[in-house]
Amino acid sequence: MLDNDTTDDFADQMVQCRNCGVPPMIQGSRFLLRPPGGHSMAKVHQALKLAGCEARSGRRHQELVVEVDDHHRLADALIESLHMNELADTMIMPAKDDGPDLDRLWSVMRLSDYTANVRGAWLVDLVESGRLTAFMQPIVDATLRPVGHECLVRGHDADGNLIPAGRMFEAASSPRLAAYFDRAARLTAVARSKRLPTDQTCFINFQPSVLYDPENCLRTTVAALKEYGIDPGRVVFEVVETDHVADMAHLRRIVDYYRNAGFRVALDDFGSGYNNLSQFVSLRPDFIKIDKALVLSLNSHPIARRLVEFLVATARDHGIKIIAEGVEDAQTFATLKAMDVDFYQGFYFARPAPDPVTSITLQ
C-alpha cells in the first residue's frame with residue numbers, strides 16, 4: 001500500500017514548467033515522418049510494414065503520411081529497423097490530411113525521442129497515478145550518529161511491487177522524459193523529507209543536464225520545501241552524473257541558484273573525474289561524495305586508496321566535507337576513519353527504508 005509522500009501532493013505544480021511537464025506524445029493516428037535520406041526511407045518502410053502501419057507519400061519529397069493503431073508496436077519496429085543516428089535524424093510530427101498539423105507543431109520531435117517517450121509511457125503513468133515514492137538511507141559520522149539521510153527514489157507497479165530506481169531512470173531516456181522524471185523524483189524526496197528529525201539533513205539528488213534554466217526548472221522544488229516549512233539549511237542538493245558534466249558554466253549557475261536560496265550542494269559519485277577535480281572544487285560544494293566503486297576497491301587496490309587520500313586532503317584544504325558511499329563492511333569503515341573521512345553511507349550501517357533512523361546498531 002502506498003503512503004502519502006508521493007508526487008500526488010504536487011500534481012498541480014507538475015504542469016507549471018513546460019519542459020519539466022508530461023513529455024509530449026504524438027496523439028491520434030496520423031502523423032508525418034521525414035527521414036534524412038533514401039536509405040533511411042527504405043528502412044522506415046520496413047519498420048512500418050513490421051508494425052502493420054499504412055503509409056503514403058506526403059506533399060514533400062522524402063515525407064510519409066503514416067496511419068498507426070499501436071504506438072508501442074511501431075516504436076519497437078522502428079528501434080529494430082533503424083540505426084540510432086537515423087532515429088535521431090528522422091523527424092515526426094502530427095499530421096492533418098496530407099500535411100503537418102500547424103496547430104500542434106509544438107509536439108514535433110526526433111524519432112529517437114518519440115520511441116523513448118512511447119517506451120517510457122509506463123513511467124509517466126506511474127508518476128501521474130501517485131506510485132512514485134522515496135526511501136531513506138542514513139549518513140553517519142565516525143561515532144555512528146546519523147547526521148542526515150539521502151532520499152532515494154523508488155516506484156511501485158500496479159500490484160504494489162517495488163520498482164528499482166535504475167529501471168526508472170533507464171526508461172527516462174529522452175530529454176523531456178528525463179526532465180519530467182527528475183522533477184518528480186525531487187518533489188517526492190521533498191515530501192519524504194518531512195519525516196526527518198529536525199536536527200538531520202536531507203540529501204536530494206538532481207541531474208544538471210536536464211535543467212534548462214535553474215530559476216524556472218527548480219521553482220516548484222523550492223516552493224515545495226517552503227510549503228512544508230523545511231529550513232533550506234537542512235537541505236543538500238546532490239549533483240549526480242558528476243563525471244559527465246560538460247557545461248561547467250551551466251552547472252555553476254545551478255549551484256549558485258541553490259546556494260543563493262540558502263541550500264547546500266554536494267557533488268555525487270565523485271571518483272573517476274579526478275582530472276577535473278580543480279574545476280569542481282572551484283564550484284565550492286559543501287560536500288563531495290566519493291564514488292561507491294572507488295570505496296569498494298579501497299582495500300584491494302593501492303591506487304584507489306591513494307586517490308581517496310588525495311580527495312580527502314584536497315577537500316579539507318578547501319573546507320569541503322567528504323562523504324564515503326558504499327561502505328559495506330567493518331574493514332572499509334575502519335580504513336576510511338583512519339583517513340579522517342567526515343561522513344559515511346552504506347549497507348554496513350543501514351539499507352534504504354521508508355522511514356529515517358535515529359540510531360545505528362551494527363550487526
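Modeller: Happy to! Keep in mind that this is a predicted model. Let's start at K43, which sits in helix α1. K43 has a relative accessible area of 19%, and because the cut-off for buried is under 20%, K43 counts as buried. What does K43 touch, leaving aside its neighbours within four places in sequence? Its contacts there are S81, L82, H83 and E86. With E86 there is also a polar contact, in which the two side chains come to 2.7 Å.

Now move along to K49, which also belongs to helix α1, residues 38–51. Here the relative accessibility is 73%, so K49 is exposed. Its C-alpha atom is 8.7 Å from that of A77, although 28 residues separate K49 and A77 along the chain.

That brings us to helix packing. Two packed helices are described by the angle between their axes and the distance between those axes. Helix α2 covers residues 71–81 and helix α4 covers residues 111–119; their axes come within 9 Å and cross at roughly 130 degrees. That angle makes α2 oblique to α4, and the crossing is left-handed. On the α2 side, the contact is made by H71, H72, L74, A75, D76, L78 and I79, while α4 brings L111, Y114, T115, V118 and R119. By type, the residues of this contact between α2 and α4 are seven nonpolar, three polar and two charged.

Terms used
Residues are numbered from 1 along each chain as its sequence is written. This is a predicted model: local features need pLDDT of at least 70, side-chain atom pairs count only at pLDDT 80 or more; totals for chains, interfaces and linings use all residues. Side-chain values use heavy atoms; hydrogens and water are left out. Axes are lines fitted to C-alpha atoms, for helices over the stretch in contact, and angles run from 0 to 180 degrees between N-to-C directions. Helices (H or I, at least four residues) and strands (E, at least two) are DSSP runs, numbered from the N terminus. Angles under 35 degrees count as roughly parallel, over 145 as roughly antiparallel, 65 to 115 as roughly perpendicular and the rest as oblique. A crossing is left-handed if the near helix is turned anticlockwise from the far one by less than a right angle, and right-handed if clockwise. Contact means heavy atoms within 4.5 Å. Ala, Val, Leu, Ile, Met, Phe, Trp, Tyr, Cys and Pro count as nonpolar, Asp, Glu, Lys and Arg as charged, and the others, Gly among them, as polar. Buried means under 20% relative accessible area, exposed over 50%, partly exposed in between (1.4 Å probe, protein chains only). A polar contact is a pair of N or O atoms within 3.5 Å; within protein, one must be able to donate a hydrogen and the other to accept it, and residues adjacent in sequence count only if both atoms are side-chain atoms.
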